[in-house]
Amino acid sequence: MSNKIIDEQRRARNEFIKLKQMQKGEISAESKSEEIVPQTFKEKLQNFWYHFKWHTILSVFLIGVIAVSVTQCVNREKQDMIVVMFAYSMVTDSQMSQVEEYIEQYATDIDNDGKVNVRVVNCTFNQRSNNKQYTLSILQKVQTMIASEPKAILYIVDEKAEKYINTITENGVFESETKLLNEEFYSKCGGTEEYETLPEDLRIAYRRISDTTMEKNETAQKVYEASKEVYKKIPTKKTVAN
């Protein structure tokens with residue numbers, strides 16, 4: 001007789017004895033159930049899955065999310081500088097991409113990663129829109145960029161946007177005079193569709209960092225110097241009086 005058959009007979013005999021003991025009240029049903037444990041690998045695996053199925057699924061999901069997030073952070077390009085485009089006329093995202101490429105011609109590799117990378121933040125809206133909440137969110141976004149973004153030194157604005165920015169602080173935000181962008185800018189950044197037209201009075205300027213929270217920020221200082229160079233190099237029409 002094989003060992004397996006003997007083990008099964010012994011197990012059946014033990015189960016019979018425990019059943020008789022439970023009937024006599026010598027042991028409780030709970031005691032019996034506590035003593036039954038998985039024996040084979042398959043039984044152990046089934047037992048684990050039964051008790052920890054949702055824990056396992058959630059853990060796998062979270063690990064996947066973390067892995068994707070880390071990969072995105074590693075692969076995300078770092079911006080050398082941020083340009084805020086603020087206008088009371090809507091500008092499309094495709095035009096923003098063209099503006100980024102245009103400004104990159106005159107920008108420098110500030111972070112020394114071998115590539116010039118400029119991001120233009122779209123802070124434009126249709127002033128005739130009845131969506132007051134959206135307009136308010138854009139204005140708050142501009143104020144946030146001015147208050148807390150050290151890479152946002154260069155601004156492209158229209159006339160109304162410039163007047164609004166000048167009211168944010170007592171001494172004004174811009175250090176430089178605003179200069180109207182010329183025909184080259186409009187021809188290269190005009191958009192890919194017929195309906196995509198840029199506001200006619202866009203101008204460029206850089207903000208001051210002296211006597212602000214940005215004054216001692218190392219990143220702001222580097223971007224400030226680089227922004228002044230872009231301001232000098234970029235083709236413009238004429239100086240616009242504030």
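Modeller: A contact here means heavy atoms within 4.5 Å. The model is predicted: local features need pLDDT of at least 70, side-chain atom pairs count only at pLDDT 80 or more, and totals for chains, interfaces and linings use all residues. Residues are numbered from 1 along each chain as its sequence is written, and side-chain values use heavy atoms, with hydrogens and water left out.

Biologist: Which residues does Leu154 touch, leaving aside those up to four places away in sequence?

Modeller: Leu154 touches Met81, Ile82, Val83, Val84, Ile204, Ala205, Tyr206, Ser227, Val230 and Tyr231. The residue itself is in strand β3; strands (E, at least two residues) and helices (H or I, at least four) are DSSP runs numbered from the N terminus. From C-alpha to C-alpha, Leu154 is 9.9 Å from Arg208, although 54 residues separate them in sequence.

Biologist: Why is Leu154 called buried?

Modeller: Buried means under 20% relative accessible area, exposed means over 50%, and partly exposed lies in between (1.4 Å probe, protein chains only). Leu154 has a relative accessibility of 0%, and therefore counts as buried.

Biologist: What makes strand β1 largely enclosed by the rest of the structure?

Modeller: Seven of the seven residues of β1, residues 81-87, are buried, so the strand is largely enclosed.

Biologist: Which strands pair with β1, and in what sense?

Modeller: Pairing requires that DSSP find at least two bridges between two strands. Seven bridges join β1 to β2 (residues 118-124) in the parallel sense, with Asn122 of β2 as the bridge partner of Met85. Strand β3 (residues 152-157) also runs parallel to β1, over five bridges, and there Val157 is the bridge partner of Phe86.

Biologist: Which core residues have the most contacts inside the largest nonpolar core?

Modeller: A nonpolar core is a set of buried Ala, Val, Leu, Ile, Met, Phe, Trp, Tyr and Cys residues joined through side-chain atoms within 4.5 Å. The largest core has 33 residues, and Met81, Met85, Ile156 and Phe185 have the most contacts inside it. At least two residues of this core come from each of β1, α4, β2, β3, α7 (183-189), β5 (203-206) and α8 (218-233). Helix α8 gives the most, with six residues. Another core, of 21 residues, lies apart from this one and includes Val84, Phe86, Phe125 and Ile138.

Biologist: Why is the pair of Tyr102 and Tyr106 called edge-to-face?

Modeller: Rings of Phe, Tyr and Trp (its six-membered ring) pair if their centres lie within 6.5 Å; planes under 30 degrees apart are stacked, over 60 edge-to-face, and the rest tilted. By this rule there are nine aromatic pairs. The ring centres of Tyr102 and Tyr106 are 5.6 Å apart and their planes stand at 65 degrees, so this pair is edge-to-face. Tyr102 and Phe185 also form an edge-to-face pair, 5.4 Å centre to centre with 75 degrees between the planes. That pair links distant parts of the chain, 83 residues apart, with Tyr102 in helix α4 and Phe185 in helix α7.
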